[in-house]
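Good morning, everyone. Please look at the screen while I talk you through this one.

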Amino acid sequence: MSNVRHRSSDVQKINIFKNYTGIIWVMDSFPVIFIIFKIAVLGTGMFFAVKWHYDQDKKARKGDVLTAVGKISAILALLLVGLLFATFKLASLLGLDMQLAQ
């Protein structure tokens with residue numbers, strides 16, 4: 001047996017220190033736990049996103065893709081011609097000289 005007597009203030013200081021070191025451990029370990037959780041969640045999400053796109057690509061037929069690309073290209077070409085026409089029309093309304101130099 002030990003004959004050492006502890007004052008109540010010493011015991012309180014020791015208990016406060018134990019609680020304080022526990023808080024420090026939680027604060028120090030939070031970034032590690034958070035980063036591991038973040039990597040797990042984002043990794044799972046990326047895996048399922050790639051898998052879904054791969055499955056969708058296998059389902060798509062080649063002819064459907066070519067038809068869609070052709071339609072989009074035709075629409076963009078028509079929009080470009082319309083924009084060019086509108087630009088020249090607006091320039092002539094503003095009185096700008098739009099004739100080519102000879």
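Start with Leu-84. You will find Leu-84 in helix H2, which covers residues 62-93. Keep in mind that this is a predicted model.

Now step back to the chain. How many helices and strands does the secondary structure come to? Two helices and zero strands. The chain has 102 residues, and buried ones make up 2% of them. The accessible surface comes to about 10,200 Å². Carbon and sulfur atoms account for 71% of that surface.

Back to helix H2, where Ser-73 also lies. Which backbone oxygen lies 2.9 Å from a polar atom of the Ser-73 side chain? That of Val-69.

Next, helix H1, residues 8-59. First, a general point. Side chains of opposite charge can pair when their charged atoms come close. How many salt bridges does a search of the whole structure find? One. The partners are Lys-51 and Asp-55. Their closest N and O atoms are 3.3 Å apart. The cut-off for a salt bridge is 4 Å, so this pair qualifies. Both residues sit in H1, four residues apart. That spacing is about one turn of the helix.

How open are these two partners? Lys-51 has 41% relative accessibility, so it counts as partly exposed. Asp-55 has 28%, and it also counts as partly exposed.

Last topic: aromatic rings. Two values describe a ring pair: the distance of the centres and the angle of the planes. How many aromatic pairs does the structure hold? One. The rings belong to Phe-47 and Phe-48, with centres 5.2 Å apart. Their planes meet at 70°, so the pair is edge-to-face. The limit for that label is over 60 degrees.

Methods: Residues numbered from 1 in each chain as written. Predicted model: local features only at pLDDT ≥ 70, side-chain atom pairs only at ≥ 80, totals over all residues. Heavy atoms only, no water. Salt bridge = Lys/Arg side-chain N within 4 Å of Asp/Glu carboxyl O. Buried < 20%, exposed > 50% of the residue type's maximum accessible area, 1.4 Å probe, protein only. Phe/Tyr/Trp six-rings, centres within 6.5 Å; stacked < 30°, edge-to-face > 60°. Areas by Shrake-Rupley, 256 points an atom, 1.4 Å probe, with all protein chains shown as cover. Polar contact = N/O pair within 3.5 Å; in protein donor to acceptor, adjacent residues only side chain to side chain.
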